[in-house]
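Here's a quick briefing to read alongside the sequence and the 3D view. Have both open and follow the residues as they come up.

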Amino acid sequence: MKYLIKAGKLYQIDNGRPGIKLACLKTPYYPIKKAILSPDGRIKLYADIKSCQGGEVSGERIYVLSDPLNQTVLSGIPIYSDNLSLLSGMSVNQIRLTMEHRLFDLFMRSTREYCIMDENSWVAVRLVHCTEGGWSVEADPVFSPFILMGLFIFCRYLDKENEFITD
């Protein structure tokens, strides 16, 4: 299925044009914890970054999509690269995702392109920044519009993690 994310709203593409609005982000857009809303304004999911205590690394960050009852729908752990320099710090370009006991990997191919692959290396979601603004999304129907918005937020989290990293 094809979608467009523009100005915090997810639209399904019908006949090559944006159709009905399927999901949106609650404003303001700048806090880390974000609410994902249905078209009628009901909160469907929250996206957030939490610190995980007792993991392999103390204070490890975990990206979480949770429902209004605070039950985890999807979670992901950023995978940091091994190349570390004093000036650049550690970069991250992958998130290991878990949804309903299924594993996916979100890869940051560039600041303009992300893909989510399943265990068999099949591309389940592809997000590409459009030159005219917004994000083009191609996704497997297994992901609801609300989860797609959450995955988009995870992409933005990745981008922020690398914001001040230099090569």
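Predicted model: local features only at pLDDT ≥ 70, side-chain atom pairs only at ≥ 80, totals over all residues.

**Around Val123**
- Val123 sits in strand E11, which covers residues 123–129.
- Buried or exposed, or something in between: where does Val123 fall? Val123 counts as partly exposed because its relative accessibility is 34%, and partly exposed is the class between under 20% (buried) and over 50% (exposed).
- Asp140 is 17 residues away from Val123 along the chain, and the C-alpha atoms of the two are separated by 8.6 Å.

**The barrel**
- Twelve strands make up a closed barrel, with antiparallel pairing, and the order runs E1-E2-E3-E4-E5-E6-E7-E8-E9-E10-E11-E12.
- On average, and ignoring direction, neighbouring strands of this sheet are turned by 25° against each other.
- Cys24 has Leu37 of E4 standing opposite.

**Salt bridges**
- Side chains of opposite charge can pair when their charged atoms come close.
- How many salt bridges does the structure hold? There are six, and a few of them are picked out below.
- Asp40 and Arg42 form one, with the closest N and O atoms 3.0 Å apart. Asp40 has 53% relative accessibility, so Asp40 counts as exposed.
- Arg109 and Glu113 form another, and here the closest N and O atoms are 3.5 Å apart. Arg109 counts as partly exposed because its relative accessibility is 48%.
- Which residues are linked with Arg109 in a network of salt bridges? The network takes in Glu113 and Arg126 along with Arg109.

**Helix H1**
- Arg156 and Asp159 also form a salt bridge, their closest N and O atoms being 3.1 Å apart.
- Both residues of that pair, Arg156 and Asp159, lie in helix H1 (residues 145–161), and they are three residues apart, about one turn of the helix.
- With a relative accessible area of 28%, Arg156 is classed as partly exposed.

How values were computed. Residues numbered from 1 in each chain as written. Heavy atoms only, no water. Pairing = 2+ DSSP bridges. Helix = DSSP H or I, 4+ residues; strand = E, 2+ residues; numbered from the N terminus. Axes fitted to C-alpha atoms, helices over the stretch in contact; angles between N-to-C directions. Buried < 20%, exposed > 50% of the residue type's maximum accessible area, 1.4 Å probe, protein only. Salt bridge = Lys/Arg side-chain N within 4 Å of Asp/Glu carboxyl O.
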